[in-house]
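Welcome, and thanks for taking a look at this one. Below is a short briefing to read alongside the structure, moving from the whole chain to a handful of residues.

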Amino acid sequence: MEFATEFNVLDCPMCGGAGALCEEGGWAFSVQCMDCGCQTAPAEYTSPEGRRDAAKAAVDCWNLGKIVYTGPGD
């Protein structure tokens, strides 16, 4: 993915694990923790021009700590 090295994804605000930028089926980006599974809400895009902006929006939400965490087993 071309944005993986462009944006600085901080460690998980819940557990300190590594965050990964994920593309959701060609319509949105989110960031997800590789350890605990918490994630941002999807940042949607509708055009190729908006794709980079959506990736940046997902990373910005993650870096601010705006995440969804359902807890273990949910």
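The chain exposes about 4,500 Å², and carbon and sulfur atoms supply 51% of that area. Please keep in mind that this is a predicted model. Of the 74 residues, 30% count as buried, and the order of elements along the sequence is β-β-β-α.

**Overall build**
- The chain holds one helix and three strands.
- Its radius of gyration is 12 Å, which agrees with the value near 11 Å that a compact globule of 74 residues would have.
- Taken along the principal axes, the C-alpha atoms fill a box of roughly 35 × 25 × 20 Å.
- Among contacts between residues at least 6 apart in sequence, 42% join residues at least 24 apart.

**Charge**
- There are 4 positive and 11 negative side chains in the chain.
- The centres of these two sets lie 7 Å apart.

**Ser-30, in strand β2**
- Strand β2 covers residues 28-33, and Ser-30 is part of it.
- Is Ser-30 buried or exposed? Ser-30 counts as buried because its relative accessibility is 2%, under the 20% cut-off.
- The side chain of Ser-30 makes a polar contact with the side chain of Glu-24, at 2.5 Å.
- Setting aside residues up to four places away in sequence, Ser-30 touches Ala-20, Leu-21, Cys-22, Glu-24, Thr-40, Ala-41, Pro-42 and Ala-58.

**Thr-40, in the loop between β2 and β3**
- Thr-40 is found in the loop that links β2 to β3, the latter being residues 43-44.
- With 2% relative accessibility, Thr-40 counts as buried.
- Beyond its neighbours within four places in sequence, Thr-40 is in contact with Ser-30, Val-31, Ala-58, Cys-61, Trp-62 and Lys-66.

**Gly-50, in the loop between β3 and α1**
- Gly-50 sits in the loop between β3 and α1.
- The relative accessibility of Gly-50 is 18%, so this residue counts as buried, given that the limit is under 20%.
- Gly-50 and Glu-6 are 44 residues apart in sequence, and their C-alpha atoms are 16 Å apart in space.

**Cys-15, before β1**
- Cys-15 belongs to the segment that precedes β1, the strand at 19-23.
- A relative accessible area of 42% makes Cys-15 partly exposed, a class that runs between the 20% and 50% cut-offs.
- Leaving out residues up to four places away in sequence, Cys-15 touches Cys-33, Asp-35 and Cys-36.
- Cys-15 and Ala-55 are 40 residues apart in sequence and 22 Å apart from C-alpha to C-alpha.

**Ile-67, after α1**
- Ile-67 lies in the segment that follows α1, the helix at 51-64.
- Ile-67 is partly exposed, with a relative accessible area of 21%, while the limit for buried is under 20%.
- Which residues does Ile-67 touch, not counting those up to four places away in sequence? They are Pro-13, Met-14, Cys-38, Gln-39 and Trp-62.
- Pro-13 is 54 residues away from Ile-67 in sequence, and their C-alpha atoms are 8.3 Å apart.

How values were computed:
Residues numbered from 1 in each chain as written. Predicted model: local features only at pLDDT ≥ 70, side-chain atom pairs only at ≥ 80, totals over all residues. Heavy atoms only, no water. Helix = DSSP H or I, 4+ residues; strand = E, 2+ residues; numbered from the N terminus. Rg over C-alpha atoms; globule rule 2.2 N^0.38 Å. Buried < 20%, exposed > 50% of the residue type's maximum accessible area, 1.4 Å probe, protein only. Contact = heavy atoms within 4.5 Å. Areas by Shrake-Rupley, 256 points an atom, 1.4 Å probe, with all protein chains shown as cover. Lys, Arg positive; Asp, Glu negative; His and termini not counted. Charge placed at Lys NZ, Arg CZ, Asp CG, Glu CD. Polar contact = N/O pair within 3.5 Å; in protein donor to acceptor, adjacent residues only side chain to side chain.
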